[in-house]
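Here is a short briefing on chain folds and chain contacts. Please look over the sequence and the model first.

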Amino acid sequence: MNSISKQASQTGLFSRVYSLFSVLKKLPPQLSEEELEGLIKVLPADSANSMKSLLKPSIQQASMTFIQMLSTALEETKAAKQSGKKVVLAPFNFPPEIIHAFDNLVPITTEVLTTLGVVALEGQGERYWSYAMGLGLPDHLCSANTIDLGSMLSGMDFEPDAIISGCVGSCDVNSKTHEFVSLLVGLPQIALEKPPDNTARGLKIFKNNYYKMIRQLEELAGEELKDENLRMVAEKVNRCTELYRDLWELKKQIPCPVPGIFSLFICATRFAMWGRDEGIKTLESCLAVSRRNFESEAYRSREEAARVFWIYLSYYYDLVRFYDWMEENHISNMGDALQLAFPEPLDLSSRETILDGMIESAWNNVMTRQMGAASMSQRWIEDIVYVIKEWHINGTIYCGHHSCKQTWSVFSMARNEVLKRTGVPTLGLQGDSWIRSMTPMSVIQEEIEQFVHNVINKRGRRRRTRA
Amino acid sequence: MTVLNSLTGVIKNEYVQQARARGQKIVGYACLATPREVLDAAGLFPYRLKALGKGETEMADAYLSRFNCGFCRSCLQLGLDGTYDFLDGIIETNGCDHLRGMFENWQYAAPRSFFHYVRVPHLADADSMRWFVEEIELLIEALNEHFGADVNDYKLNKAIEIQDQIAAKMRRIYESRWGGEIKVSGHEIMSLMVAEGSLPAPDFVKLLDGFIGTLEDRKPINCRARLFMGGAATDEIGLIAELEQLGGLMVADSFCFGGRLFLREAVAKAPVHRLAEIYLNNLMCPRMFMNYPQRKAFILEMIEKAAVDGAVLFHNKFCDLHGIENVKLKMNLEEAGLPVLLLEKEYGAGADIGRLKTRVQAFLERLKR
Amino acid sequence: MLYGGIDVGSLTAQAVVLKDNAIYSFQSIRVKPNPVDSAATVLEGALKEKGLTLKDLCFCVSTGYGREQIQKEGLSRENMSEISCHGKGAWWVLPQVRTIIDIGGQDAKVIRVDKDGELVNFVMNDKCAAGTGRFLDVMSKTLGISVEELGPLSFKAQQVIEMSNRCSIFCETEVHHYLQRGASPADLAAGINRTMAGRVMALVRRVGPEKEITMTGGVAKNQSVRKELEKAMGTRMLTYHVDSQIIGALGAALIARQLRGVKQ
């Protein structure tokens, strides 16, 4: 590796995120405005921007729980090596609860790490992206994966003990990136293939693959998957599911009482801490804040210029100028397709029923369910149509994350079908969800403004509500 | 050579026209993982989709995006502009995400009455093999039902036999460049590989026999450097020809319209199982997982046997599978002492040929050739 | 002994006449529609300056656009890629140089050479014009200034407005967008130059640069891009007293001298 590229990456993403969160978790549970002001002043610009948004009084309660949850996840990862545990790196579409059920395994989610880096670190994740590009990797890879893995490739970050490639069959770019990292760093790779077959036969093949993966994890952990652990996690998974559904229900209200940024909190919980007490606490505090909003006369009387759903991803690199900006402009950010997992409660009758439920949950997890289906468009469109009806969405946006060849393949079809079936228009943007320099936020904002004013409002589908 | 030129210059070639005239059904497929023997055994004419370097994608761009692979966009264009209207059916495979997108949009915008999806596993372990056997059985069922075919073991064995013959003949021509003088250029080899999926198997046997008959009398071709080429799905014979004009001849390759086409190692005797092994175990494509060492060994072996001086690895813009794997391959080939040039290109972009040639010429200069 | 080198680029064409081990004459012109005409005119100009004709050259090498055609027309005896020529030319003016960043009108290349100026490795931008002189041309027009002003103007910037990583056409829209929002041309100029440097850095990282490093091609004259690149690489680049635009033609002439021994 050339020295200039190495120099550029300096310290790994994980180490930097870990350092920042070990400071953040020491913050008092409630920050006064002065304390928040003070904190923002000492942070570098990029981190300060995110903290300003995350710790604003209206959502602070949930944000603090969220920060504590992530700190725990990071600490467990960091401590794993010393305590003889193994760290398993997994992509977002792999449900982590099965790993939580092992005493000797700790999961860490690539995309969650990348997002934390992008949100919380000065200079965001670009130095790691550049490092990966310096190796000759093409610039059409997924930044969500490449930023964290780029950091790992630089050899200056913590190394997991194995990598689960949970998107073999549903996402070429990410599974191939996992393979590349696995080969280059010398990490064992566990491939979980999802057949593109929606029938019982497809599920049967997937189930077999999943059981095979459990055996590989048992080997890695040096322990068998214990019934009592599995049950304990499953019970907590069910509590998470219950809370997730409660939040889903609240989103049907007009105006939406669930703040837009909670979609990020919910996803991070699903991707990293589902089936854990910390995950439950995060969802509980999101629910508490949303219920408080729902019950507040002032909140309910606010204007809602549009209810917008992101049919794929959203943009995650600028909380202040994106989530807050939407809120200030009375655009309810109803979240993105990362919420389209539809978890079902697990049947706790036996080990087999619990595992069957977890397998179905993996089978139906976000993106796996849509892009990994027999058709990349059909399930995706059906889910968008469903959520439009459930949440009274009047405008959808496609962020146009460059690397997603699957959604880009069928976006045109999806836009036509969604319009045909629901009458709801879709704004097509182009950008990268994790790299700000691909499309500036001001350009995105301008296009959204135009869309809301000239398309959504003109179509008379505005759901403006005044008490 | 006229026959070969016509096969690689026109989509609706004379064999297609003859098949239409005699009422034979033609079924299109794209990926190397499609067991074409099943179609042969069903009495159909399997036609491998190609775009022959045509870069226009005006109609296709209303469906696929500019972030999709140019080869797939070009194939879709030909599907939408009527060029492929002669197809009586299409077989989809999950070769890659771009290809899946191409098939989905094709079926959405210009549906065919027969459209069957062969789901090819991404691993080649025992479980995946069982799954693929089932897939082949489902394909047989679908063909029998739709086309009234009667595929049986006897017919399958016959079809396998003829494909084995084809592979042996192709290998003979392919490897003729490996010892001493080169009498067949790389782009001619690619022409043969592109022709392979453009005519019925018995006709292709005749064509190969004719070609082999000319081998001895051919004059050796001047060669400045012996090159290995590999990477993305491409049938751009013209591009390889242009690059070879610089003096570096392609003596081995790992293109799917190339060196990957005639690998047929299998041990199973029952025809369906044998086909599953032929197509899954020998699929030297980066769409497969957990078997990079096998692909690397396949390439290194060719490089050694063909006494290669340098390697040029291509990928079509937005092709993640080759774009990523080429970087790993580059590292491994360089470790083995072979200079490597990585080339990202747009499919069918004739206007860009000058820039590609500059890089290949500089690479030859770097090789001191 | 006189040796000639011709380099036809997308915007300008150069010819260098080498006598023994020194530049005897050189000329640079705006290109004509046909690269052979450009080559003939520029070479004739360089020769005429010293009262010479083509016959006085004992070997000539062409490079750049239409290099093969120029050879076919008899203006050169051999053609070489501009990558080898820029490497050789830069090495001749700075023998300690090992990495050359060459940014021309349509192409950007990073070239590594060994102690003898021989090509070791290189990368070149793909089809996109975003990291080339063309990008600066388009951007400066959008700002309503000449490309030569882009460098000096950016030193007056109060803050740097970076352009997105997309193609030149999108960046043009972006510049308009920022201008409408009241951004200063100086801030935008600085952003354009930084964006340009960022794109070139992607190539630099790929080749694995080795010290010493220098720049050639027309964009080497833009001090702002140069400074941004130096900052990103964490190292100063070497400068030289020969016009950066003639390095390709000079390299071609040097290779002509080398080849004469082999081919004559």
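The notes below cover conventions, then each chain, then the interfaces.

This is a predicted model: local features need pLDDT of at least 70, side-chain atom pairs count only at pLDDT 80 or more, and totals for chains, interfaces and linings use all residues. Residues are numbered from 1 along each chain as its sequence is written, while chains are lettered from A and ligands numbered from 1 in the order in which they are written.

**Chain A**

- Chain A holds 21 helices and 8 strands; these are DSSP runs (helices H or I, at least four residues; strands E, at least two), numbered from the N terminus.
- The C-alpha trace of chain A spans about 60 × 55 × 40 Å along its principal axes.
- Of the 467 residues of chain A, 59% count as buried. Buried means that 20 or more other C-beta atoms, placed from the backbone, lie within 10 Å of the residue's own.
- In chain A, 78% of the contacts with a separation of 6 or more come from residues 24 or more positions apart. A contact requires C-beta atoms, placed from the backbone, within 7 Å.

**Chain B**

- Chain B has 14 helices and 8 strands.
- Its C-alpha atoms fill a box of roughly 60 × 45 × 45 Å, taken along the principal axes.
- For the 369 residues of chain B, a compact globule would have a radius of gyration near 21 Å; the chain has 20 Å, which agrees.
- Buried residues make up 56% of the 369 in chain B.
- Residues 24 or more positions apart supply 74% of the chain B contacts with a separation of 6 or more.

**Interface of chains A and B**

- Here 37 residues of chain A are in contact with 39 residues of chain B.
- On the chain A side, the elements giving two or more residues are helix H10 (172-185), strand S4 (189-193), helix H11 (200-221) and helix H20 (405-422).
- That side of chain A has 18 nonpolar, 13 polar and 6 charged residues. Nonpolar covers Ala, Val, Leu, Ile, Met, Phe, Trp, Tyr, Cys and Pro; charged covers Asp, Glu, Lys and Arg; the others, Gly among them, are polar.

**Interface of chains C and B**

- Chain C has 11 residues in contact with 11 residues of chain B.
- Helix H3 (82-93) and strand S8 (119-124) of chain C each give two or more residues to this side.
- By class, the chain C side has 5 nonpolar, 2 polar and 4 charged residues.

Definitions and conventions: Two residues are in contact if their C-beta atoms, placed from the backbone, lie within 7 Å. The radius of gyration is taken over C-alpha atoms; the globule rule is 2.2 Å times the number of residues to the power 0.38. A residue is buried if 20 or more other C-beta atoms lie within 10 Å of its own, exposed if 12 or fewer, and partly exposed in between; C-beta atoms are placed from the backbone.
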